[in-house]
Amino acid sequence: MRLFHAWLSSASRRVRLCLAEKNLPYEGIAVDLSRQEQHAPEFLAMNPNGVVPALELAPGRFLHESSTICEYLDDVQPQPPLRPADAYDRAVMRNFVRWTDEKSLPNLLILNWSLMLQPAASQWSDAQLQEKLGRIPTPERREAWVRIARKPYTGEEKAVALAKLLELVDKMEAMLLASPWLVGGQYSLADIAAAPFIARIAELAPEALAEQAHPRVHAWWQAMQQRPAFAAARFQRFSEVQQQREDAARTG
Ligand SMILES: N[C@@H](CCC(=O)N[C@@H](CS)C(=O)NCC(=O)O)C(=O)O
């Protein structure tokens, strides 16, 4: 298998974590989002939405959507199981994953893109921007790139995005009442789905994960970081990546 992913992308991190939990070998191919490699025709042939990740199962056979990819991996490699055995719990798990896709990801994108993609995008000429927009397959992402290139999100918009992202922590605190893992009393794709968002919250608003603020999420995050798969999935801190980029730019 080949995974086309981006190191800092939450959806990519989710699939890397799932692959690591399953101990499945794969070749990782990094896609440079700042250079719009995800909008190139070869990439769109793998994922028509023009976003990472995309998983190549065999030549010409691709899967997209991180949640779908994770369920596929659990089907083809059932050990260790990453979905609850009970049908109701599985449905609850799917609704939680969907909730993070719909509520957490759009808000995290506002914060991440402002940091990582805006510096390059703001330098494009109008002609370059038009050319790039023409290759983006979905209107929502065209709009997001216009915002990043020309109408940067305001401090107020970013504060609102962070507040909405933090709703995940309250939701998880309530879900963790009965068990140390989110759904069905066992580690599952729900925990894997949440991990990339909590990793970013640990950087953006660490106080939200303090023991006094959310004791159960605090314990969940400690347990998550201790899993061997978590290290294998390589969630590098954004600040480290930024520092590396600055160092590379300085040394030419
Ligand atoms: N629902 C998708 C979301 C994928 C997604 O939004 N990927 C972002 C990075 S986390 C991306 O590739 N953005 C690039 C772009 O929009 O141009 C999934 O879970 O796979």
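This short talk describes the sheet, the helix packing and some backbone details of one predicted model.

Let me begin with the conventions. The model is predicted, so local features need pLDDT of at least 70, side-chain atom pairs count only at pLDDT 80 or more, and totals for chains, interfaces and linings use all residues. Residues are numbered from 1 along each chain as its sequence is written, and side-chain values use heavy atoms, with hydrogens and water left out. Helices (H or I, at least four residues) and strands (E, at least two) are DSSP runs, numbered from the N terminus.

Strand β1 (residues 2-5) runs parallel to β2, and four bridges join the two. His 5 stands opposite Ala 30 in β2. Between β3 and β4 there are also four bridges, but these strands run antiparallel, with Ala 54 opposite His 64 in β4. The two form a hairpin with two residues between them, and Gly 60 in the turn has a positive phi of about 80°.

On the α1 side the contact (heavy atoms within 4.5 Å) involves Ala 11, Arg 14, Val 15, Cys 18, Leu 19 and Lys 22, and on the α3 side Ser 66, Ser 67, Ile 69, Cys 70, Leu 73 and Asp 74. By class, these residues are seven nonpolar, two polar and three charged. Here Ala, Val, Leu, Ile, Met, Phe, Trp, Tyr, Cys and Pro count as nonpolar, Asp, Glu, Lys and Arg as charged, and the others, Gly among them, as polar.

A further helix pair is α4 (residues 87-116) with α9 (residues 189-204), at about 25° and with axes 10 Å apart. These helices are therefore roughly parallel as well. Among the residues in contact are Phe 96 and Leu 108 of α4, and Ala 193 and Phe 197 of α9. The contact has 13 nonpolar, three polar and one charged residues.

According to an unreviewed UniProt entry, residues 86-241 carry the feature "domain: GST C-terminal"; such annotations may be inferred rather than shown by experiment. Over that range the chain is 72% helix and 0% strand, and the end C-alpha atoms are 41 Å apart.

Finally, the backbone. Val 52 and Pro 53 are joined by a cis peptide bond with omega about 5°, and Pro 53 is in the loop between α2 (41-44) and β3. The bond from Gln 79 to Pro 80 is also cis, with omega near -15°; Pro 80 sits in the loop between α3 and α4. Gln 36, in the loop between β2 and α2, has a positive phi of about 55° although it is not a glycine.

Technical notes: Axes are lines fitted to C-alpha atoms, for helices over the stretch in contact, and angles run from 0 to 180 degrees between N-to-C directions. Angles under 35 degrees count as roughly parallel, over 145 as roughly antiparallel, 65 to 115 as roughly perpendicular and the rest as oblique. Two strands pair if DSSP finds at least two bridges between them.
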